[in-house]
Structures are given as structure tokens and as C-alpha cells.
Amino acid sequence: DDRLVFVAAGLTLRALYVDVPGSPTRGHRSRVRLAYRQSIDGDDFSHVQIGLLTEPFLELFYRRTISVQLGADWRFAPFGNDVPFYDLASLGGTEALRGYKRGRFRDRGATYVVGTYKFPVWKLIEGVVFCETGRVFARVADFGFHHWASSYGAGLRVWVPRAVLFELSLARSGEL
């Protein structure tokens, strides 16, 4: 079945103030994303998506860098609509809480923190050690600092001045 189900319109604002975009050691990056997804078969699943991300970088010495990424996603369904399961905010996978399967945690809202330490290995190859924590919630009033899931890991990155070319990460969580 290849019929059209949703039409989406969105706006993303990005601010990138870093020394080297492919492997920042100093500066800051931020992103604000706002989107509206209209259900074609009616308004039952039409909803608004909001995403925020901020990450400052601090060089300790010779390209040894720490960063703390703070992120949040929210799905708001106006007029009593429902947000479809597959479009809920989620954690797990390749971006936040990498020690869990993709979409392991889903709900209307998600928030997470990723702490990273990166260091040079050889020329344009760097090592990365990270620790992540996050949680999902159904209502803004449900947000709190309890029941956060965590994972940690390490990896290698191959980068060029404008981007990361390849990344291999291994992560572990409390679940097996």
C-alpha cells in the first residue's frame, strides 16, 4: 500500500559556532525544529512536533574535548487528536541512548543528556567515550529526574574538516 498518509511542513533553525565543523573543539551548536504533520485520511493523527538541541564544546588541551549535549522532543496533538505510535518521540538507537534498541522508549515527550570526551588517535581519527541518560514522558507535568535510563560506550570516528565520514560506536545499557 503506497498511498499518501501524512503531509508535513516544518521549520528548522540551526546555529553552528564551532572552530572545525567535522570535529569541534571549541564553540557551540544549537537546533530548534518545529513541524506540523497533517493526516490525509482525516484529522485523527494530525500533530505538532517540537525539537530542541544544544551542545557546547570545550577543549581541554590539544584536541581533547568534552561536550554536553542536551536534547528534548515533544509531540503535541491539538483538538484531542492522537499521535500515532510510530511518530512518538523516542530514545534508543544511533543518536541518544545508543545502548538500547531503536525506539526502545517512546512517548509524547523525550529528554536526554549526552556527555562526550573525544581525543586524537591518529591524524583524522579520533576516539570517543560517552555516557548518556534520558527518559520519555506522556505529559510535561510528568517530567522529573527519576526513572532515567542510561547507557555508556566508546567509539572511533574518521572525520574531515567539514564532516564526520565514518563512526563506529559500541554502547552498553542495563538491559541485555
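**Chatting about salt bridges and nonpolar groups**

Biologist: Which residue does Arg37 form a salt bridge with?

Modeller: In this predicted model, Arg37 pairs with Asp87, and their closest N and O atoms are 2.6 Å apart. Arg37 sits in strand E2 and Asp87 in the loop between strand E4 (64-76) and E5, so the pair ties together parts that are 50 residues apart in sequence.

Biologist: Is Asp87 buried or exposed?

Modeller: Asp87 counts as buried because its relative accessibility is 12%, and the cut-off for buried is under 20%.

Biologist: How many salt bridges does a search of the whole structure find?

Modeller: The search finds 10. One of them joins the side chains of Arg98 and Glu132, at 2.7 Å from N to O. Arg98 is in the loop between E5 and strand E6 (105-107), while Glu132 is in strand E8 (residues 125-137), 34 residues apart. Both Arg98 and Glu132 are buried.

Biologist: New topic! Which residues make up the largest nonpolar core?

Modeller: That core has 12 residues, including Leu53, Leu91, Phe105 and Tyr112. E7 gives the largest share, three residues.

Biologist: And what does Leu53 touch?

Modeller: Leaving out residues up to four places away in sequence, Leu53 touches Arg29, Ser30, Arg31, Gln69, Leu70, Gly71 and Tyr112.

Biologist: What about the surface, which residues make the nonpolar patch there?

Modeller: Leu11, Leu13, Val32, Leu34, Ile50 and Leu52 make a patch of about 520 Å². Strands E1 (6-18), E2 (27-39) and E3 (47-61) each give two or more residues to the patch. Val32, in strand E2, is partly exposed, with a relative accessible area of 40%.

Methods: Residues are numbered from 1 along each chain as its sequence is written. This is a predicted model: local features need pLDDT of at least 70, side-chain atom pairs count only at pLDDT 80 or more; totals for chains, interfaces and linings use all residues. Side-chain values use heavy atoms; hydrogens and water are left out. Patches are made of residues with over 30% relative accessible area and no salt bridge: like charges are joined within 9 Å, nonpolar side chains (Val, Leu, Ile, Met, Phe, Trp, Tyr) within 5 Å. Accessible areas come from the Shrake-Rupley method with a 1.4 Å probe; for residues, only the protein chains shown count as cover. A salt bridge is a side-chain nitrogen of Lys or Arg within 4 Å of a carboxyl oxygen of Asp or Glu. Helices (H or I, at least four residues) and strands (E, at least two) are DSSP runs, numbered from the N terminus. Buried means under 20% relative accessible area, exposed over 50%, partly exposed in between (1.4 Å probe, protein chains only). A nonpolar core is a set of buried Ala, Val, Leu, Ile, Met, Phe, Trp, Tyr and Cys residues joined through side-chain atoms within 4.5 Å. Contact means heavy atoms within 4.5 Å.
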